[in-house]
Amino acid sequence: MSSANEDETLRKAERLIAEYRSASSQREKSLKLEEFTKLWASTSETDDRRAGMFRGMRHVGLLPLILDALTAQGPVTMDAVALQILMLAQLQIFFYGCSLEIPNPWPMHFRQLEKSLPKTFNNSFDMIEEKRREDYIIPLRLVTLQTLTQTVYFFDKLDGSAPFLNHMDIPKFLGIFWTCAFSLPVPSAHDSISDTELLEVSQIFIALNNTVPSWKISYFSASLSRVVNEHGSARIAQRIKELCERAPSDGHGPTVVSIMCLIADVVSNTPIKIEFLKAGVPKVLLHTFWTWIRVGDDIQAEEELAVAMRMFEILFAFLHFLSTATIYEALMKRTVQDLLDEDFMMIIGRYVVAAQYQERFMEEALEREREEELKRARLAKLPRHHDLDLQTLSGDAPTEEIESLRSAFTALLSTKHSRAVGSGTTSRDDELKSDQKLEEVRDAAKKAKIRSRAKVTQERIYSMAYHPTTSKDLVFFGDKYGTIGIWDPLARGEEIVDEDGEVQVSEGGQHWNMQVHWPRTSKTSVSGMKFDPTDAHNLITSSYDCTMRITSFETGISREIFHAPDTLISSFDMPPENGNEIWISDVGGHLSHLDLREDSRKTGRRFEMNETGHKIGCVSINPVSPHFLVTGSNDRTLKLWDTRKLFTLPISVASRPPAAAAPSTRRSKVKKEEEDDDEVWINETSFEEVDKYLQSKKGRGLLRGEHSSGAAVSAAYWDPSGRRIVSTCYDDHLRVWDIAPASLVLDTQLPKFAPTASIRHNCQTGRWLTILKAQWMPSPDVFPHFVVGNMNQSLDIVGFNGEKLANLVDRSLVTAVQAVAGCHPSKVGRYASGNASGRCVLWAPEDDA
């Protein structure tokens, strides 16, 4: 089912629920619920679709509606019974949907359901008890049993159904049980037991017997004794005999024998035992068993084996029951003789054969289980390329937490945030560099203190993005395992009751997690995060899983926008005037260009920029002149490119596909396990073509500037004015370039491309820390400065001229390197940082909310 169809179905479901709630009569409610049932059935052709619709229906509030309808009090009319039947059917669907998601069931208050659900069944029991002689009560009797079966098995699969059963009216249920089993106080038209009811009764009874063995002594015996006293033990025994006699012919022999033997097991000390023997029921029962067990040839199917083994268990249990019948020893001896006359040794022989088959089937089942486990493990390691909703992104988070995140996203939609860009003019730049502007930044930075701390993600922080909203601080962090942590550091924390009964509010604000990139391994580290420059209601992320995704705060949907199996993305950037173009750098030394308005497999371009394949760790777009890129690479260079020249380069002949494919594309095929092949096409230009062009007369303006350092350049970024570049380098230096806009107008290489400031800074993060990257303050209206973490477990605020404006440090609260750091896009003096354990810190003035 497509996402659009699911959305349309959920809208219809929401409408029907609203109409149901406003209905004034039971008849109207019944009609609406009938529509609801048909709607669900029409979109539930497979288990996967059932699970998808189930997740959506619980979101629109299906369960509260069901419970409300099932526990409603009123006169027991035909309409009320019809409504009860419909709602019980919906409850079956609901728990069936739950079972599809086990062992990771959806978050719900199971303990509350254990108390509220029995009320729904007790209400049905009351209806059946009051109108038990009416024909229209028979369907309610059946659907109640079926729903109870699904519910008991669901709770039993979770953590045991004992607490659930403790709140249910067991005696009333047993009354229905006896009614179904013996058809006692019902009209003659229903004198024969319903096979379907019998099957459901047996399933429930077996579940109860296995789950709560203690209940049968107090409830079952008392209930049966009451039935015996009311209707007479002879009549009960006769009913059992009739059932046994007809069992082989109607195909439900095993079920009948199973129920009868379970009854015999628990009533050995009741009067029915005597009547049981007097009426010759044991002989009929054994004959039923023998007739069924000898039908057909050797056991060939696993299902046949399961039934056969169950029958043998019943037989031996029944023999044990007969051994206790000392009061009527003669009857017992005669029954055993009847058994021997049926060739008991042949039965034993069949049992041995069945046991051999069972061993074989068990070995085959174990092998299948191992294969399934390996398959699941393989699938769990595959990336997810389909759209992901907020429920899926949030994993097993509680429903309240997911709705809280949805509300946080919705609050951001009231204001549109676009990325601010400077003018780049000399006069404006001189104004920003004034002493007044400098002092504003210095004072704000020095006032910044630790306002909040929290462990936002479980793994190392790799990247971050500070949302531009001014109503509060909202910071997004990407970690080593593909998780996005969203942090509202100054939100009111969770209320916790201490030992003295006083309510304490936890520190650290509020945070949420979204598993945007999958699986949760180091191969899905979030290498980059940016908000859509034209609309900060969308978050774009890149990952080492060779994908990029865009997550919408409006819809809560995360959609893949790029995937290339041989492109391990190190960074990306977008021009400020639109959110459609993206430049990507990767560890193979490539630059790639995408236009999201077009098919990247046909129009995307990739350029091999390094001969030796050295990683390009960073790419940054000039915000004023977006055709200028700056890159930092492991080949120890920082380079300034004019991309207008790049697009004139030809597609490399060596990377064209075979003749059968398009002549101007390169084909890379991804074999995705358990999925159809996904073909990724991208137009690539080899390094030979790039280098050849650079050496030609036409290519002199392609590389505008180049600077070599003593070690790898890990990061390089343009400032918001488009004039300056700051680089972070493993030779333990931060460098700043100040480029006059006029020098970029000429279509030639810059006469001088040297840093105007060089700051000594320890950048030796090693293997276990995220690489340090100096980040500009994004606002173009303040004194140009940047923030960078250092190895002394603090943050440095540095001006464009290399002057250190402030050092944010608190040894008592921060004891780890704050490797990833950034500024609020518009508010001066607000900084956020994260470390290798996923702990994050907000630095802000104490008197500023």
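In the predicted model, Asp796 is buried, with a relative accessible area of 4%, and its salt-bridge partner is Lys804, the closest N and O atoms of the two residues being 3.6 Å apart. This separation falls within the 4 Å limit, and the pair therefore counts as a salt bridge. Elsewhere, salt bridges that share partners join Asp642, Arg644, Lys645, Arg704 and Asp747 into one network.

A further salt bridge is formed between the side chains of Glu803 and Arg442, with an N to O distance of 3.0 Å. Because Glu803 lies in the loop between strand S28 (795-799) and strand S29 (804-808), whereas Arg442 belongs to helix H22 (residues 435-447), this pair ties together parts that are 361 residues apart in sequence. Glu803 is partly exposed, its relative accessible area being 29%, while Arg442, at 15%, is buried.

The side chains of Glu684 and Arg606 likewise meet in a salt bridge, at 2.9 Å from N to O. Glu684 is located in strand S20 (residues 678-685) and Arg606 in strand S15 (residues 605-608), and the contact therefore ties together parts that are 78 residues apart in sequence. Both partners are buried, with relative accessibilities of 6% for Glu684 and 2% for Arg606.

In total, the count comes to 18 salt bridges, among them the Lys804 and Asp796 pair, the Glu803 and Arg442 pair and the Glu684 and Arg606 pair.

Technical notes. Residues numbered from 1 in each chain as written. Predicted model: local features only at pLDDT ≥ 70, side-chain atom pairs only at ≥ 80, totals over all residues. Heavy atoms only, no water. Helix = DSSP H or I, 4+ residues; strand = E, 2+ residues; numbered from the N terminus. Buried < 20%, exposed > 50% of the residue type's maximum accessible area, 1.4 Å probe, protein only.
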